[in-house]
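Here is a short briefing on one protein chain. Look through the structure first, then follow the points below.

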Amino acid sequence: MRLRSLTLVAASGAALLAAGVLPAHASDPDPVAASGATPGAPPASVQEGTVSAADLLAKVTSCSQISNGRYRTDEEASATVPVCGKNGAVFWKADMDIDCDGQRTANCNEDRDPWYQDDTAFHQSDGRPLKAESLPYVVVPSSSTVWNYTGAGIKGGGVVAVVYDGKVEYAVVGDTGPTAIIGEASYATAKALGIDPDPAAGGVDSGVTYILFKNSKVSPIESHSAAVSLGDRLARQFLQDN
């Protein structure tokens with residue numbers, strides 16, 4: 001994740017116009033098949049798993065703040081976003097900037113993304129960086145005095161339910177960002193949720209809820225089908241426990 005100045009984003013857009021571990025599988029009905037997801041392919045469905053966006057959002061209407069302060073959604077914004085705690089999860093409500101870091105692909109590279117970096121904080125099982133164009137992943141703020149994600153039971157490869165506009169997309173914790181900014185996810189996450197995934201001019205200003213399940217981990221991290229299977233089970237448990 002890169003520090004993104006609102007001024008720089010606008011300028012770039014103008015230029016473009018003139019970029020405790022839980023198992024990953026369960027014996028429950030297969031939510032991947034139900035959602036139409038194909039292992040190894042970018043997600044195309046608007047609803048993954050069996051838990052609705054409305055049911056998840058009903059459990060995060062109030063915030064018990066666990067962060068020591070609040071985060072900005074952009075470099076030039078005020079700090080207004082707290083990290084909130086629930087049984088089995090943490091969550092925040094923010095915007096979505098587009099992370100295109102990791103392996104170079106047709107849509108994630110130096111030409112399409114002014115902030116492109118060829119690495120991610122967490123890597124695939126073969127040691128290579130993640131692939132933002134095809135893997136749904138979320139960026140968490142690097143640990144600081146505001147909030148230490150590892151101390152809250154969040155780890156690389158952990159499962160995240162990303163909710164936007166009545167849709168649920170399961171992703172993994174795939175990258176870390178600035179210590180004072182929150183609200184970013186991969187190209188694939190945005191695309192699956194119907195958000196413009198362009199790394200230079202895309203994203204959305206508000207309305208995205210990120211629910212991160214504690215002490216979870218998808219293995220291998222690059223398996224989206226495993227993230228959907230585990231995420232669906234944890235989401236149903238989340239509804240029961242809150």
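Which handedness does the link of Cys 100 and Cys 108 have? The link is left-handed, with -65 degrees about the S-S bond. Keep in mind that this is a predicted model. The points below start with the disulfides, then turn to two single residues.

**Disulfides overall**
- A disulfide is a covalent bond between the sulfur atoms of two cysteines.
- The count here comes to two disulfides.
- Their pattern is 1-2, 3-4, with bonded cysteines counted along the chain.

**The link of Cys 63 and Cys 84**
- Cys 63 and Cys 84 form a disulfide. Their sulfur atoms are 2.0 Å apart.
- This disulfide is left-handed, because the torsion about its S-S bond is about -100 degrees.
- Cys 63 lies in the loop between α3 (53-58) and β1 (84-86), while Cys 84 lies in strand β1, so the pair ties together parts that are 21 residues apart in sequence.
- The two ends also have their own accessibility values. Cys 63 counts as partly exposed, because its relative accessibility is 39%, a value that falls between the cut-offs of 20% and 50%.
- Cys 84 is buried, because its relative accessible area is 3%, and buried means under 20%.

**The link of Cys 100 and Cys 108**
- A disulfide also joins Cys 100 to Cys 108. The distance from S to S is 1.9 Å.
- Cys 100 is buried. Cys 108 is buried too.

**Gln 117**
- Where does Gln 117 lie? Gln 117 is in the loop between β2 (89-99) and β3 (137-141).
- Gln 117 has a relative accessibility of 39%, so this residue counts as partly exposed.
- Along the chain, Gln 117 and Asp 99 are 18 residues apart.

**Ser 225**
- Ser 225 is found in helix α5, which covers residues 224-241.
- Is Ser 225 buried or exposed? Ser 225 is buried, because its relative accessible area is 14%, and the cut-off for buried is under 20%.
- Which side chain does the side chain of Ser 225 contact? The partner is the side chain of Ser 223, in a polar contact at 3.2 Å.

Technical notes: Residues are numbered from 1 along each chain as its sequence is written. This is a predicted model: local features need pLDDT of at least 70, side-chain atom pairs count only at pLDDT 80 or more; totals for chains, interfaces and linings use all residues. Side-chain values use heavy atoms; hydrogens and water are left out. Helices (H or I, at least four residues) and strands (E, at least two) are DSSP runs, numbered from the N terminus. Buried means under 20% relative accessible area, exposed over 50%, partly exposed in between (1.4 Å probe, protein chains only). A disulfide is a pair of cysteine sulfur atoms within 2.5 Å. A polar contact is a pair of N or O atoms within 3.5 Å; within protein, one must be able to donate a hydrogen and the other to accept it, and residues adjacent in sequence count only if both atoms are side-chain atoms.
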